[in-house]
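Dear colleague,

Please find below the structure I am handing over to you. My findings follow directly after it.

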Amino acid sequence: MRDVAVVSFAQTHHAREVSDINEVEMLMPLMGEALAGSGIPKDRIDFVCSASSDYLAGQPFSFVMSLDAFGPWPPISESHVDMDGAWALYEAWVKMQMGKTDVALIYAYGKSSPGDIRRVLSRQMDPYTVGPLWLDPVSMAALQARVGLEAGTFTVEQMAEVVARNRRAGATNPYAQLGGEVDPAALLAEPEFVAPLRKHDCPPITDGAAVVVIAAGDAARELSDRPAWIRGIDHRIEAHALGLRDLTRSVSTEQAAARAGVADGPVDLAELHAPFSHQELIIGDALGLADGVDVNPSGGPLCANPIMTAGLIRIGEAATRISRGGGDRAVAHATSGPCLQQNLVCVLEGE
Amino acid sequence: MSDVTLPASLQGVEPVKSIRTPARLDYVYTAGRASSRFLHNVANKRLVGQRCPVCHKVYVPPRGSCPTDGVPTEEDVELAHTGTVTSFCVVNVAFMGTLMEIPYVGALILLDGSDIPIMHLIQEVPYDQVHSGMRVEAVWVPDDEIGPTLESIRHFRPNGEPDASFESYKDNA
């Protein structure tokens with residue numbers, strides 16, 4: 001295996017609605033920031049991989065236009081995934097393992113504000129039997145939370161504590177959309193939104209983007225004083241149909257964690273892409289995180305959830321903390337699909 | 001399909017061959033700063049491109065970035081309402097909903113002062129006389145119909161100047 005590391009990361013100041021600039025204008029400053037962060041000219045980038053969904057913009061091939069933010073001339077080697085940016089990073093990592101690529105730039109963006117995001121995301125369900133019901137992701141997450149509460153896997157008190165801890169951390173993150181001191185008991189006094197979920201159990205609706213630069217071997221050492229080495233990365237997928245899965249646990253995360261080697265050493269911090277509060281409890285269990293692991297020091301997706309991007313941000317946040325000496329070993333997790341259908345686990349280490 | 005054996009309860013039942021699941025999603029489109037500024041200028045009967053600070057090319061309509069260098073384009077450049085036909089096609093197909101009488105000419109027009117051509121229609125000249133290098137000018141709709149859309153230019157027409165040299169538009173040919 002070739003050693004590959006995250007060497008640079010940039011993200012937007014996430015917001016509920018960015019209505020004055022388009023996606024290209026949102027991405028462009030980040031490209032400059034990420035390249036400046038790794039101190040490299042654009043022509044050192046061997047491969048560009050992006051992540052987005054045309055359903056969010058409501059425009060076919062909007063991802064092709066987003067390439068203007070990078071500048072694809074002379075022609076570049078490029079790819080795109082209709083998944084979270086963490087999977088774009090995975091594709092770039094695989095390409096590096098093939099040996100021809102030394103430096104790759106990954107970008108992801110998602111504006112949820114142009115459409116009614118709950119209706120838009122209902123379109124990810126199978127179009128024959130579930131799509132016509134317009135079942136949206138909040139309702140599906142509520143089904144999952146109900147199963148977990150009934151099974152005794154977690155409690156509403158634990159869910160409120162997850163929200164309070166993330167909000168507190170979000171207050172220290174200048175890029176987060178939400179943050180502040182909240183009392184878990186006060187949260188539980190709030191009315192239910194889509195029962196058993198309260199509004200704060202759900203992620204905010206966010207417009208945002210992020211860019212990560214990864215590099216292999218000596219290139220990584222050249223471009224970063226302390227690269228965040230990817231020691232393991234794996235992703236697994238479960239059945240689409242919710243009725244086929246045990247929604248109280250995340251088997252795909254357990255498998256990906258085992259293959260990425262999460263348990264091979266102590267974990268200092270974890271960035272978990274669990275958009276709903278109860279999902280953080282499920283993912284934490286699936287990763288086997290010990291007590292004392294700093295979970296979501298950024299505030300996580302409960303404080304900013306740009307779709308197609310929030311998973312890549314977890315990798316960027318974890319890597320930045322490693323590079324700044326805020327930890328030696330971190331776990332970053334990304335999810336996609338309804339009720340944690342697909343999960344990616346990435347183990348990052350400093351040297 | 002023929003080797004699938006249906007359970008007894010489904011035997012003889014007419015198979016579902018297709019379903020319709022209508023879906024409608026509404027979006028608010030954000031043109032962005034560069035396109036918004038361009039369209040507002042069009043509403044004021046002005047054509048304003050933007051110059052790349054690295055390669056100095058002038059883009060119209062501006063997208064806010066240089067696709068070659070990937071840097072923001074911030075310098076506005078006022079462009080003439082005249083230009084040169086770099087390429088053209090003669091449309092002989094009546095597309096659904098088109099208001100144009102066929103045949104008509106769609107052309108790439110390099111506005112004076114810019115470095116990439118815009119697409120527009122050429123009218124007020126027989127279609128078989130349109131050619132690359134032809135000098136043309138914008139014909140705007142009446143002032144009270146002008147708005148933030150390129151339809152504010154009804155079409156381009158020959159402006160009577162002699163043909164531009166190939167050298168002057170070879171980078172766009």
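How many residues does the contact take from chain B, and how many from chain A? The contact takes 21 residues from chain B and 25 residues from chain A, where two residues are in contact if their C-beta atoms, placed from the backbone, lie within 7 Å. On the side of chain B that touches chain A, the residues divide into 10 nonpolar, 7 polar and 4 charged. In this division Ala, Val, Leu, Ile, Met, Phe, Trp, Tyr, Cys and Pro count as nonpolar, Asp, Glu, Lys and Arg as charged, and the others, Gly among them, as polar.

Please note that this is a predicted model, in which local features need pLDDT of at least 70 and side-chain atom pairs count only at pLDDT 80 or more, while totals for chains, interfaces and linings use all residues. Residues are numbered from 1 along each chain as its sequence is written, and chains are lettered from A and ligands numbered from 1 in the order in which they are written.

Chain A is assigned domain 1 (4-116 + 205-228) and domain 2 (134-203 + 230-349); domain bounds come from an automatic or database domain assignment. The C-alpha centres of these two domains of chain A are 22 Å apart. Between them, 36 residues of domain 1 of chain A are in contact with 27 residues of domain 2 of chain A. On the domain 1 side, the elements that give two or more residues are strand 1 (4-11), helix 4 (85-97), strand 4 (103-111) and strand 7 (207-216) of chain A. Helices (H or I, at least four residues) and strands (E, at least two) are DSSP runs, numbered from the N terminus. Helix 4 of chain A gives the most to this side, with 6 residues.

Chain B is likewise assigned domain 1 (29-79) and domain 2 (80-173), with 20 Å between their centres, taken over C-alpha atoms. Here the contact takes 13 residues from domain 1 of chain B and 16 residues from domain 2 of chain B. Helix 1 of chain B provides the largest share of the domain 1 side, 4 residues.

Chain B also holds an open sheet of 3 strands in the order 2-1-3, with antiparallel pairing; two strands pair if DSSP finds at least two bridges between them. Strand 2 and strand 3 of chain B are at the edges with a single partner strand each, so one side of each has no neighbour in the sheet. Strand 1 and strand 2 of chain B are joined by 2 bridges, and B:Gln50 stands opposite B:Tyr59 in strand 2 of chain B.

With kind regards
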